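User: Please take a close look at the side-chain contacts here, the aromatic pairs and the salt bridges. Which residues do they bring together, and where do those residues lie?

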Amino acid sequence: MGFSSYFLIVWDFIHFAKQNNIAVGPGRGSCAGSLVAYLLEITDINPLKYDLLFERFLNPERLSLPDIDIDFCYERRNEVIDYVTKKYGQNNVAQIITFGTMQARAVIRDVGRVMAIPYADVDKIAKLVPPDPNINLKDALEQEVELKNLYEGETQIKELIDTALSLEGLTRHASIHAAGVVISDKPLTEYTPLFKTGDDQITTGYAMGSLEKNGLLKMDFLGLRTLTVIDQTIKIIDQFQNKKIEIEKIPLDDSKTFKLLCAAQSLGVFQLESAGMRDLLVKLQPSNFEDLIALLALYRPGPIGSGMLDDFINRKHKRTPIRYDHKKLEPVLKQTYGIIVYQEQVMRIASELAGFSLAQADLLRRAMSKKIPEVMEEQRKQFSEGCNKNGISNGVAEKIFDLIVYFSGYGFNKSHSAAYALISYRTAYLKAHFPTEFMTALLTSEKDNPDKIAQYVFEATRMGIKILPPDINESILEFKVCDNKNIRFGLIAIKNVGQGAIESIINSRESQGKFKSLDDF
């Protein structure tokens, strides 16, 4: 399909990152289902071991462009973008523009400012719009009686809202997409206008959808703070314990790690630190890596609201019997206790029972997600006919099709869940085995967030780690390990003290020796 050069470009900038000790994630999205990506070390998770399907990522039946999104160390992501810019030329590489539109509340505030209505009055009106991010002003007027009464009863407010209704949805401002980058074979001006931001950065003048229609392929260079925490933890372990940790080689069945997770001691653990997730860890008691993959896939409003989550937990703990409508379903659903959790399982069922190719099975998955009646009916007919050829009766085939239609609304991409579960597991492993070093890196990563600092200081204290106060002679910019068991507070996390002043203090200390009194300071 002509994508080999795309894979090689991605391999090249990931190789650059790894050669320069810039942390790279184990993969994200459906790309983790590609064996080629795994062999090129674009991803870290073996798709064969976890039955991740390549056809979920790319297949000849679906000619849309592949999408390889990469997580990098939060603090060094720009170095990778700079490398790509130098390699392919400044005229051929740019970040992508994104347009902010006038949403319901914001457009009221903007119009109110132009009409010179006092801010307090405008704010009161804006707050009457329900806080649903997808709501529009027309629906808000129908839903909120007080807003409707103001609209009908006061001339100025009617003018305000009528003007806002005509402007709602229009582009308000341009900014840079959080991660999107395009690399072109020719100067970008041959495909798209360019735009200069307020701080002199050059972006594309077209947003993502238009760029793809013009034949340009976006790549996502995402900054992930957790990768920075993992990387810093490993460096601190090496510094204080003289141990070299190869995070890619840690065992995925470590009992100490699962003990920490089952006890829900997961503050600071990637994707597992919310109160809801910690409650779920206690209920589920994950005992293997597959449980962790399922946990990330199931902790979403749909599965929680449908009761799937409770059913999964009850089946795992043998409180509810596991039944299969056909014996061929067992090998596909055994790891998830008979429940369809992943989109890949929908594809595998269509392949194993109805003889679909995996490419056809992906089309079935996509059709189910869109729920177009005529397409669904055609797919149902093909599924039943395929099952009949494999000796499965019409009644059983219909029942299984209804089952996968029901679950397809909640199914999650297993490739993404598996890759992110690996990050979760790695952070949990470091917290379980190297608690002081992990908490030191975690606290430094949240240096600008006082609420998180307070939360993690409390967690460190619970773990038996003493947080020592800032010391003008001992503290450095970041948090640091003391006595191999305690943590010295980092000067950078002290509110209202600038980094320049702190660096000046540290430089003075290094040149003059320790401060003997505040007068020296």
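Analyst: Ring pairs first: rings of Phe, Tyr and Trp (its six-membered ring) pair if their centres lie within 6.5 Å, and the planes make the pair stacked under 30 degrees, edge-to-face over 60 and tilted for the rest. Keep in mind that this is a predicted model, where local features need pLDDT of at least 70 and side-chain atom pairs pLDDT 80 or more, while totals for chains, interfaces and linings use all residues. Residues are numbered from 1 along each chain as its sequence is written, and side-chain values use heavy atoms, leaving out hydrogens and water.

Okay, the rings. Tyr6, Phe7, Phe54 and Phe57 are joined into a cluster by ring pairs, and the structure has 17 aromatic pairs. One of them is Phe72 with Phe221: their centres are 5.8 Å apart with the planes at 25°, so this pair is stacked. It bridges distant parts of the chain, with Phe72 in strand S1 and Phe221 in strand S6 (residues 218–224), 149 residues apart. (Strands are DSSP runs of E, at least two residues; helices are runs of H or I, at least four; both are numbered from the N terminus.) Phe72 has a relative accessible area of 0%, and Phe221 is also at 0%, so both are buried (under 20%; exposed is over 50%, partly exposed in between, with a 1.4 Å probe and protein chains only).

There's also a charge over a ring, meaning NZ of Lys or CZ of Arg within 6 Å of the ring centre and within 35 degrees of the ring normal. Arg225 sits over the face of Tyr74, 4.3 Å from the ring centre.

On to salt bridges, where a side-chain nitrogen of Lys or Arg lies within 4 Å of a carboxyl oxygen of Asp or Glu. The count is 27. Glu75 and Lys447 make one at 3.7 Å, N to O. Glu75 is in the loop between strand S1 (69–73) and helix H3 (77–88), Lys447 in the loop between helix H22 (435–445) and helix H23 (450–462), so parts 372 residues apart in sequence get tied together. Lys447 is partly exposed, at 24%.

Arg113 and Asp110 stay within helix H4 (residues 104–114), 3 residues apart, about one turn. Their closest N and O atoms are 2.7 Å apart; Arg113 is exposed at 54%, whereas Asp110 is buried at 12%.

Finally, Asp69, Lys218 and Asp220 form a salt-bridge network.
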